[in-house]
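Hi everyone, thanks for coming. Let me put the structure up on the screen, and then we can walk through it together.

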Amino acid sequence: MTTAYDEPSGIAARGTLLVAAGRGETAAAYERFGRRIAADGYRVRVLPDVTADLEASFAAAGKLLVDDSLPGPKVIVGSDTGALFGLALAARRAPGLDALILAGLPVATPQPAVNLLGWEAEVEARTACPNHQRVLGGGAATPGALFSAPIPTELIGHAGNVGVPTLGVHGDADTVSPLAEARAHYPGTLVTITGGRHDVLNDVTHRTVAATIIVFLERLRLGADLPVIAQVQP
């Protein structure tokens with residue numbers, strides 16, 4: 001159920017990220033993201049569409065979070081309903097969970113007009129990155145799932161129950177989950193990405209998003225209060 005990306009040989013692992021994919025997504029959608037984060041010394045494990053079998057996904061994540069062979073800190077990175085999945089894990093006080101990274105947090109109301117335009121429009125709503133569009137078209141996402149798959153009620157309403165450090169990343173051009181509606185549902189720090197679409201981890205600004213995540217992880221390694229590492233001086 002998972003896909004693994006490990007740190008380069010000879011480098012001590014700096015932590016573990018569990019990627020929780022969104023509606024209709026397979027683990028293949030996160031190959032580029034997994035390899036990039038792993039290259040910086042973090043182990044990555046990918047759970048495909050967590051809503052396909054929610055209880056199995058909770059069980060798989062719980063097992064990985066307490067796996068002593070995986071180094072801490074351990075962080076859930078969730079995209080779309082994967083972000084809601086991360087919030088639900090935090091609300092459950094899942095053992096071993098040290099932090100959350102939430103991307104493209106979905107709002108309750110989907111945009112059906114986009115879905116009616118077909119798969120090409122859905123891909124455009126997901127990402128402007130040509131490479132990721134090809135990945136999606138190659139089977140990394142199920143056509144229509146982003147708009148037709150319901151959000152499980154078990155994943156709704158947990159944003160106020162988070163007790164771990166949290167980073168949110170959201171595109172300001174996200175038409176699936178508009179920033180104006182999603183902003184209030186993010187606990188912790190929110191970073192908005194200029195021109196970013198719904199699959200913000202895999203959009204044209206994926207390098208900037210990855211760098212933002214690495215800075216968060218490096219701060220987390222210093223403590224749950226996220227000590228500042230770099231400061232901009234006037």
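Phe 58 counts as buried because its relative accessibility is 6%, where buried means under 20% relative accessible area, exposed over 50% and partly exposed in between, with a 1.4 Å probe on protein chains only. A quick word on the source: this is a predicted model, in which local features need pLDDT of at least 70, side-chain atom pairs count only at pLDDT 80 or more, and totals for chains, interfaces and linings use all residues. Residues are numbered from 1 along each chain as its sequence is written, and side-chain values use heavy atoms, leaving out hydrogens and water.

So what lies over the face of Phe 58? That is Arg 92, at 3.7 Å from the ring centre; the rule asks for NZ of Lys or CZ of Arg within 6 Å of the ring centre and within 35 degrees of the ring normal.

Now for ring pairs. Rings of Phe, Tyr and Trp (its six-membered ring) pair if their centres lie within 6.5 Å, and planes under 30 degrees apart count as stacked, over 60 as edge-to-face and the rest as tilted. The count here is 1 aromatic pair. Phe 58 and Phe 85 are stacked, because their ring centres are 4.7 Å apart with planes at 25°. Phe 58 belongs to helix α2 and Phe 85 to helix α3, so the pair ties together parts 27 residues apart in sequence. Helices (H or I, at least four residues) and strands (E, at least two) are DSSP runs, numbered from the N terminus. Phe 85 is buried too, with a relative accessible area of 0%.

Finally, strand β4: 6 of its 6 residues are buried, so the strand is largely enclosed by the rest of the structure.
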